[in-house]
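Welcome! Take a look at the structure below, and then we can go through some questions about it together.

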Amino acid sequence: MRIGVLTGGGDCPGLNAVIRAVVLRGSREWGHEFTGYIDGWKGPLENQSIGLGVEDVRGILAQGGTILGSSRTNPEAVGGGIETVIENVRSDGLDGLIAIGGDDTLGVARVLTDSGLGVVGVPKTIDNDLNATDYTFGFDTAVNIVMESLDRLRTTGTSHHRALVVEVMGRHAGWIALHGGMAGGADLILVPEEEFDLAEICTHVEACFEAGVAPLIVASEGAVPKEGSEVTSAAGTDAFGHVRLGGIAGWLADRIEEKTGREARSVVLGHLQRGGTPTAFDRVLATRLGYKAIEAASEGHWGKMTTLRGTSIELAPLADAVDESKIVPAQRMVEARYGYPD
Ligand code: F6P
């Protein structure tokens, strides 16, 4: 068989481990040949590809980012885009595609499958918000980066008796804030799933200082004040209709300082959370997902994606990744609050 591989959406640690597993197993077990499409859906849309052989994936297991490049190109937003992708993939002589991406990339994969082009999906996002899988690779690496950052910020915040507000990624789901915050012993965690009350936060900040704790607050970029809206850092939306979030930590630190008179500073972890080498957990998960994805393609299970269920790697319909996102349940926030100072 001849199979195309692409990585779409925001990059995340572990993408190269998936590509490596797909190519190694596919070449060795079935003698498949691979084409790597460049920069997500832009590759098949604009006919940009490279050969992808065993020698190309040597040594990439621990490498962050993606050797294929990525973009948020959406063929559905381009007139005749879906038809062009199908035409180009067919004229490249490919039997189908393996698309590694989040809900946007897998949404396009689903439309292509419905239009007759075989695609197998592999779920990825540091946000961990895909419903069809228990964990996405990249999430564990991001959480560890948040935890290490909080450990460092704790000592400087304490030394200077300052409140520190740390902004982490998570557009509509607060998984990174919740896990990173719990692991780093945050004194308050704000997630997009629960609107926050500024007055309550200021009371909590005061209580922390009274208890001798310089408060360390973790806020998802998508956290929203009760009397307000998401804080955005740029006008407009991307090709999938997403606004660019950013700025909630600065917004909150300013208000805490204004209302409590306590010094408050903000830190935005941003793309640090997506860069660099994957953790052991993410390397293993990404490798297992890639191993299963090439098996699914070889057996013609188009329209499916690989998923982690408990400790097993299984197949699920692509639609499961796209239809509903996985958000933080209220009970998980109750557990987190037990760690806060009184
Ligand atoms: O991939 C999802 C995500 O990590 C979101 O949490 C974040 O809003 C977004 O990527 C930012 O991506 P970029 O700056 O690359 O558009």
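Q: What makes β12 and β13 a hairpin, and which residue in the turn has a positive phi?
A: β12 and β13 form a hairpin with two residues between them, and Gly310 in the turn has a positive phi of about 65°. Strands here are DSSP runs of E, at least two residues long, and helices are runs of H or I of at least four, both numbered from the N terminus.

Before going on, a word on the model: it is predicted, so local features need pLDDT of at least 70 and side-chain atom pairs pLDDT 80 or more, while totals for chains, interfaces and linings use all residues. Residues are numbered from 1 along each chain as its sequence is written, and side-chain values use heavy atoms, leaving out hydrogens and water.

Q: Why is Tyr135 called partly exposed?
A: Buried means under 20% relative accessible area and exposed means over 50%, with partly exposed in between (1.4 Å probe, protein chains only). Tyr135 has 32% relative accessibility, so it counts as partly exposed. You can find Tyr135 in the loop between β5 (119-123) and α5 (139-160).

Q: What makes Leu308 a contact of Tyr135?
A: Contact means heavy atoms within 4.5 Å. Leaving aside neighbours within four places in sequence, Tyr135 is in contact with Leu308, and also with Asn128, His179, Leu285 and Lys326.

Q: How many helices and strands are there in the chain, and why is it called as compact as a globular protein of that length?
A: The chain has 11 helices and 13 strands. Its radius of gyration is 21 Å, close to the 20 Å that the globule rule gives for 342 residues, so the chain is as compact as a globular protein of that length. That radius is taken over C-alpha atoms, and the rule is 2.2 Å times the number of residues to the power 0.38.

Q: How much of the chain is buried?
A: Buried residues make up 54% of the 342 residues.

Note on methods:
Pairing = 2+ DSSP bridges.
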